[in-house]
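Let's take a friendly walk through a protein model, one part at a time. Have the sequence and the 3D view ready.

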Amino acid sequence: MPNLPRRSVAFIGSECHPFVKTGGLGDVMYALPRELARLNCDVRVILPRYACIPQEYQNKMVYRGEFYMDLGKTGRNYYVGIMEYIWDGVVYDFIDNEEFFSWGNPYTNLVDDIPKYCFFSKAALAALNYMNWIPDVVHCHDWQAALVPVYLRTLFKDSPVGRAKSVITIHNLRFQGVYNIPTIQYWSGLPDEAFGMGALKQDWVEANMLKGGLAYADRITTVSGTYAWEIQTSEYGERLEDHLRYHSGKLRGIVNGIDYDMWNPETDPALAENYGLGNVLDHKMANKLALQKELGLEQDTGKFVIGLISRLTNQKGLDLVNAIIPQVLDGNTQVVVLGTGDKQYEDAFRGYEGAYKGTFSACIQYDEGRAHRIYAGADALLVPSRFEPCGLTQLNAMHYGTLPIVRETGGLKDTVEPYNEFNGEGNGFTFDRYDAGLLLGAINRAKTLYFNNRYHWDEVVQRDMAKDVSWERSARQYKDLYLELTQW
């Protein structure tokens with residue numbers, strides 16, 4: 001693969017680990033460019049320089065230049081600074097502007113975010129022209145960078161960067177950047193033709209930034225094959241299903257991977273004992289005991305420990321979990337929840353912890369180290385999502401020898417094959433309809449295998465750890481897509 005023609009790619013998005021991260025997008029923006037660099041791609045990542053980026057990274061940024069740029073119909077020129085940081089074969093360029101990026105958090109509210117990301121999308125392309133670094137492909141992510149393909153084919157079409165092809169990736173279709181047309185036209189300065197029904201216009205009076213990006217991009221990707229199909233249906237399409245069906249010829253699903261440098265039970269410093277495929281059966285129990293001790297659960301290797309690591313929101317299927325906890329806790333089972341989110345779920349899980357002391361643990365926090373220890377110490381991981389574009393937790397779990405119990409949707413369906421008790425195939429436990437009884441059934445199937453047929457359970461553990469869920473396979477598919485777009 002590295003002998004294939006070299007391609008240059010500019011990644012444009014609103015977050016990237018370790019600088020700023022609120023979800024899966026931050027992981028993808030970090031891991032995929034690094035893997036593409038190993039596959040002989042020349043990669044730059046363009047991000048806003050938010051004030052919340054830790055000082056240790058701010059201190060390492062090098063000034064690359066500055067210029068002024070007009071924006072929309074504001075009648076003003078805005079400062080655009082470029083600060084650069086090179087790390088692990090990838091160049092990170094941060095767009096600097098105090099007026100837009102001096103807030104504490106990357107996302108504040110739609111009223112402030114729309115001007116901010118109109119500015120960022122235009123400034124990112126202007127910065128590529130300014131640095132005279134013209135990529136073969138501009139790859140942008142989610143609604144915050146969705147105006148990039150629109151700018152590329154309109155205001156920038158006669159400039160050097162206008163030669164680039166564009167790819168947009170949908171990480172979560174629920175968030176689209178919808179606001180009234182005059183406001184988005186004022187801040188973006190895009191021509192009237194961009195606000196037609198086939199592009200930005202929605203419901204006659206609204207403009208939808210993501211919808212415009214999907215219309216103007218050369219290719220659309222999303223983070224699993226099943227989600228690419230699901231979003232063309234009314235159930236999952238978030239009102240863009242007709243638009244996506246119209247553009248289905250350029251839509252692809254490429255499942256995410258996980259970063260083996262960050263997620264590796266053999267070297268993970270957070271674990272009580274490290275282990276790999278060869279010795280997982282000897283060392284996983286030590287991690288279970290250490291987890292039980294850390295969380296104040298009854299220390300007993302014979303208990304079946306279920307982990308749940310998630311944002312505590314409706315999307316994640318927590319109403320189903322909430323409904324069946326009393327039936328799950330049968331005296332042989334422990335449940336560990338880690339995450340923050342909606343108050344109703346935070347309170348409900350705290351209530352269960354109080355009612356089932358030593359059996360149920362509610363860690364209402366975001367703790368990366370503890371997440372690693374739950375992956376290593378739990379027997380199974382619950383991901384019963386209502387919808388799930390890709391899902392990374394089930395991939396992490398499998399890599400740590402923890403079997404996933406998931407709903408068959410999006411990336412969960414693409415990565416977890418249901419265990420078949422007749423031939424022993426499969427790598428997890430699944431249920432299809434969104435129903436608490438079916439979730440309970442999947443958990444009970446997992447418990448039955450664990451308690452009655454440990455030999456087969458251990459076989460599945462080893463099969464999961466041997467499965468390739470790394471970024472390398474996904475990155476090769478992205479590189480193929482770039483080559484398909486730029487056949488010269």
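Leaving aside its neighbours within four places in sequence, which residues is leucine 338 in contact with? With contact meaning heavy atoms within 4.5 Å, the partners of leucine 338 are Leu308, Ile309, Ser310, Cys363, Gln365, Asp367, Arg370, Ala371 and Ile374.

This is a predicted model, in which local features need pLDDT of at least 70 and side-chain atom pairs count only at pLDDT 80 or more, while totals for chains, interfaces and linings use all residues. Residues are numbered from 1 along each chain as its sequence is written, and side-chain values use heavy atoms, with hydrogens and water left out.

**Leucine 338 in its place**

Leucine 338 sits in strand S14. Helices (H or I, at least four residues) and strands (E, at least two) are DSSP runs, numbered from the N terminus. Buried means under 20% relative accessible area, exposed over 50%, and partly exposed in between, using a 1.4 Å probe and protein chains only. Leucine 338 counts as buried because its relative accessibility is 3%.

**The whole protein**

The protein has 18 helices and 18 strands. Its C-alpha trace spans about 70 × 45 × 40 Å along the principal axes. A compact globule of 488 residues would have a radius of gyration near 23 Å, and the protein agrees with 23 Å. That radius is taken over C-alpha atoms, and the globule rule is 2.2 Å times the number of residues to the power 0.38. Of the 488 residues, 60% are buried. Among contacts between residues at least 6 apart in sequence, 71% join residues at least 24 apart.

**The sheet around strand S14**

Strand S14 belongs to an open sheet of 6 strands with parallel pairing, in the order S15-S14-S13-S16-S17-S18. Two strands pair if DSSP finds at least two bridges between them. S15 (360-363) and S18 are the edge strands, each pairing on one side only. On average, neighbouring strands of this sheet are turned by 15 degrees against each other, direction ignored. Helix H12 (residues 343-355) packs on the sheet and touches S14 (333-338) and S15, and its direction makes about 145 degrees with that of S15. Such axes are lines fitted to C-alpha atoms, for helices over the stretch in contact, and angles run from 0 to 180 degrees between N-to-C directions. Within the sheet, leucine 382 stands opposite isoleucine 405 in S17.

**Strand S5 and other pairs**

Is strand S5 (residues 90-96) mostly covered or mostly open? It is mostly covered, with 7 of its 7 residues buried. In a regular strand the side chains alternate between the two faces of the sheet. Here Val90, Tyr92, Phe94 and Asp96 point one way from S5, while Val91, Asp93 and Ile95 point the other way. S4 and S5 form a hairpin with 2 residues between them, and aspartate 88 in the turn has a positive phi of about 60 degrees. Across from aspartate 93 in S5 stands glutamate 84, and isoleucine 95 in S5 is the bridge partner of proline 48.

| Pair | Sense | Bridges |
|---|---|---|
| S2 (residues 41-48) and S5 | parallel | 5 bridges |
| S4 (residues 77-87) and S5 | antiparallel | 7 bridges |
| S16 (residues 380-383) and S17 | parallel | 4 bridges |
| S9 and S10 (residues 206-208) | antiparallel | 2 bridges |

**Helix H17**

Buried in H17 are Trp457, Asp458, Val460, Val461, Asp464 and Met465. Seen down the axis of H17, these residues fall within an arc of 155 degrees, so they line one face of the helix. The arc is that of the directions from the helix axis to the C-beta atoms. On the other side, Tyr455 and Ala466 of H17 are exposed. The cover over the buried residues of H17 includes helix H10 (280-295), strand S13 (304-309) and helix H16 (436-452).
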